[in-house]
Amino acid sequence: MLPPDDFDPPVGTAITLEPGLRRIVADNPSPMTYRGTNTYLLGTSDIAVIDPGPLSDAHLHAILEAIGPNQHISHIIVTHTHLDHSPLARQLSTTSGAPILGFGDATAGRSSVMKQLMLDTELGGGEGIDASFSPDRHLKDGDTVVGDTWRLDVIHTPGHIGNHICLGWEDACFTADHVMGWASSLVSPPDGDLTDFMTSCVRLQAQNWRVFYPGHGGPVTDPAARLAWLISHRMTREAEILAVLNNGPATANEIAQKIYTATPAALLGAATRNVLAHLIDLTGKSAVVPLGELSQTTRFDLK
């Protein structure tokens with residue numbers, strides 16, 4: 001799915017999205033971050049900074065410049081521990097005095113399946129992980145974070161990474177990297193877990209959301225349709241993988257080359273990790289079987 005051409009916001013400038021909510025885009029564009037990481041400023045007096053972003057003096061300055069004379073940063077909330085979302089949190093906390101809130105460190109929320117695979121196999125992965133992150137306050141599913149004029153409901157949404165959370169703000173939701181409009185999420189084991197990802201999508205479907213504010217790209221104005229597309233997209237990929245294996249055993253990389261035919265070469269590695277996530281999910285469903293010890297180069301066959 002090609003990214004929309006009309007999302008090209010000014011970098012480092014606080015833009016009002018709706019009353020009480022502003023967005024600053026960090027200057028870290030890439031094939032994986034689109035125009036850059038979205039940092040959200042929620043509130044009118046007590047300001048929650050959602051996903052402070054990558055280590056960047058310029059982005060730190062942009063956040064601090066956006067805080068008005070009658071405002072202060074009361075909370076720094078990190079949705080997940082990837083290097084484009086969490087590293088600036090500690091520096092911002094030191095400067096502002098606000099505590100850092102998050103689900104946990106880089107391994108928090110990892111499924112039992114992935115924990116076991118980490119012990120027993122050589123899965124690779126670990127792309128872009130902020131291994132040094134540690135929150136001042138650990139959040140759990142169902143928690144609330146409250147400011148003077150706002151309330152956020154914590155929804156644990158593992159899949160993209162085990163410690164990923166979304167944040168419900170009345171009928172809006174900050175979905176970080178779980179649901180975005182410009183692309184589907186990378187799911188790279190053992191940090192990413194496709195089984196968890198699909199469960200998290202279904203969980204978000206249970207509420208009638210007005211808008212999603214993602215970690216990259218513009219607002220998702222039809223959340224129900226986007227969630228339906230994401231689930232359908234993953235099911236289509238699963239069917240394509242099974243169709244390739246119907247012709248004989250193959251590795252994740254061999255499968256990716258056959259089904260991601262329109263993907264630029266620079267993104268084929270990420271596509272291969274997504275295929276591996278599907279293969280692990282299909283192994284759990286007893287639909288495929290690894291031929292030997294599971295790793296990123298293992299050949300899989302239909303069961």
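A pocket, as the word is used here, is an open set of grid points with protein on both sides within 12 Å along at least five of seven lines, and its lining residues are those that have an atom within 4 Å of a point. Keep in mind throughout that what you are looking at is a predicted model.

**Second stop: the second largest pocket**

Next, select Val113, Thr195, Ile280, Asp281 and Gly284, which lie nearest the centre of the second largest pocket, a site lined by 14 residues. Helix H3 (112-120), helix H4 (194-205) and H7 are the elements that give two or more residues to the lining here. Which helix gives the most to this lining? It is H7, with five residues. The volume of the second largest pocket is about 150 Å³, and its lining divides into seven nonpolar, four polar and three charged residues.

Now select His82, Glu127, Ile129, His160, Leu186, Ser188, Asp191 and Gly192, which line the largest cavity. A cavity differs from a pocket in that a 1.4 Å probe fits inside but cannot get out. The largest cavity holds about 50 Å³ of space, and its lining is made up of two nonpolar, four polar and two charged residues. Cavities of 30 Å³ or more number three in this model.

**Last stop: a pair of helices**

Two packed helices are described by the angle between their axes and the distance between the axes. Select helix H1 (residues 57-65) together with helix H2 (residues 88-96), which pack at an angle of about 45° with their axes 11 Å apart. Angles under 35 degrees would count as roughly parallel and those from 65 to 115 as roughly perpendicular, so H1 and H2 are oblique to each other. Their crossing is right-handed. To see where they touch, show the side chains of Asp57, His59, Leu60, Ile63 and Leu64 on H1 and of Leu88, Gln91, Leu92 and Thr95 on H2, the residues that make the contact. These contact residues divide into five nonpolar, three polar and one charged.

Definitions and conventions
Residues numbered from 1 in each chain as written. Predicted model: local features only at pLDDT ≥ 70, side-chain atom pairs only at ≥ 80, totals over all residues. Heavy atoms only, no water. 1 Å grid on protein atoms, 1.4 Å probe; cavity = no way out; pocket = protein on both sides within 12 Å on 5 of 7 lines; lining within 4 Å. Points joined across faces, edges and corners; volume = space filled by probe spheres on them. Helix = DSSP H or I, 4+ residues; strand = E, 2+ residues; numbered from the N terminus. Nonpolar A, V, L, I, M, F, W, Y, C, P; charged D, E, K, R; others polar. Axes fitted to C-alpha atoms, helices over the stretch in contact; angles between N-to-C directions. Parallel < 35°, antiparallel > 145°, perpendicular 65-115°, else oblique. Left-handed = near helix turned anticlockwise from the far one by under 90°. Contact = heavy atoms within 4.5 Å.
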